[in-house]
Amino acid sequence: MHPIPEIDAFLGCRTPDAWVEAALDDQETLLIDHKNCEFKAASTALSLMAKYNTHADLINMMSRLAREELVHHEQVMRLMKRRGVPLRPLSAGRYASGLRKVVRSHEPVKLVDTLVVGAFIEARSCERFAAIAPHLDEELGKFYNGLLKSEARHYQGYLKLALEYGDAADVQRTVDKVREVEAELISTPDVEMRFHSGIPVYGPHQPR
């Protein structure tokens, strides 16, 4: 059973076993992309603070979130150093850009949709940590289990802000729309293995 049932109810599908197997088989890429995701999460929070600089509740939450994500980024960096995982460039996966296609382009619904997308990214991160943690070595498994609660809290925070700045019925429609797109990105074949990728399928000209 998932440690946070609310997350399972929010998401449209669970992480496929095939992703877990691929991630276990390529833990270096998993760690590098996890590090990148933590940095991007902090960067997104700072961008929202800059763009919506009259929204006090958003600024307060995003400030806390950015600090926390940067701490996680540093923790992954330390883990990588201990494990001898070198830093290398890694292209972004399709996940975040796929979700952003759902975001409407005019305000105030652009902000609300962006917050809903943020909620899904954090909820999936939480679910994914839970899916892979039992299969990892003790150090990494313990670290990933330790991140579950913060990701769940971030998901709740994003959703709370969406409901604060948007109409409840409209937010629900966006949630339903993003849930469908998100589940498809997670459950369909993907050409690369990333922290939020679909099911990695490697062709003859796609090195792992």
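**Aromatic pairs and overview**

A search of the whole structure, which is a predicted model, finds 6 aromatic pairs. One of the pairs is formed by F10 and Y155.

- A pair of aromatic rings is described by the distance of the centres and the angle of the planes.
- For F10 and Y155, the distance is 4.8 Å centre to centre and the angle between the planes is 50°, and the pair is tilted.
- F10 belongs to helix α1 (residues 5-10) and Y155 to helix α7; the two residues are 145 residues apart, and the pair links distant parts of the chain.

**The contact of α2 with α6**

- Helix α2 (residues 17-25) packs against α6 at an angle of about 70°, and the axes of the two helices are 10 Å apart.
- Because angles of 65 to 115 degrees count as roughly perpendicular, α2 is roughly perpendicular to α6.
- On the side of α2, the residues that meet α6 are W19, V20, A23 and L24; on the side of α6, they are R128, A131 and I132.
- The residues of this contact comprise 6 nonpolar and 1 charged, with no polar residue.

**A cis peptide bond**

- E107 and P108 are joined by a cis peptide bond, with omega at about 0°.
- P108 is located in the loop between α5 and α6.

**The largest pocket**

- The volume of the largest pocket is about 810 Å³.
- Its lining consists of 34 residues, of which K40, T44, A96, R100 and I121 are the closest to the centre of the pocket.
- Two or more lining residues come from each of α3 (27-51), α5 (95-100), α6 (109-132) and α7 (138-165).
- With 10 residues, α3 provides the largest share of this lining.
- By residue class, the lining of the largest pocket holds 13 nonpolar, 10 polar and 11 charged residues.

**The second largest pocket**

- The second largest pocket has a volume of about 300 Å³.
- It is lined by 13 residues, and those closest to its centre are M61, R64, R153, G157 and K160.
- At least two residues of this lining are supplied by α4 (56-82), and at least two by α7.
- The helix that gives the most to the lining of the second largest pocket is α7, with 7 residues.
- The lining of the second largest pocket divides into 3 nonpolar, 4 polar and 6 charged residues.

Technical notes
Residues are numbered from 1 along each chain as its sequence is written. This is a predicted model: local features need pLDDT of at least 70, side-chain atom pairs count only at pLDDT 80 or more; totals for chains, interfaces and linings use all residues. Side-chain values use heavy atoms; hydrogens and water are left out. On a 1 Å grid over the protein atoms alone, a cavity is a set of points where a 1.4 Å probe fits but cannot get out, and a pocket is an open set with protein on both sides within 12 Å along at least five of seven lines; lining residues have an atom within 4 Å of a point. Grid points are joined across faces, edges and corners, and a volume is the space filled by probe spheres set on the points. Helices (H or I, at least four residues) and strands (E, at least two) are DSSP runs, numbered from the N terminus. Ala, Val, Leu, Ile, Met, Phe, Trp, Tyr, Cys and Pro count as nonpolar, Asp, Glu, Lys and Arg as charged, and the others, Gly among them, as polar. Axes are lines fitted to C-alpha atoms, for helices over the stretch in contact, and angles run from 0 to 180 degrees between N-to-C directions. Angles under 35 degrees count as roughly parallel, over 145 as roughly antiparallel, 65 to 115 as roughly perpendicular and the rest as oblique. Contact means heavy atoms within 4.5 Å. Rings of Phe, Tyr and Trp (its six-membered ring) pair if their centres lie within 6.5 Å; planes under 30 degrees apart count as stacked, over 60 as edge-to-face and the rest as tilted.
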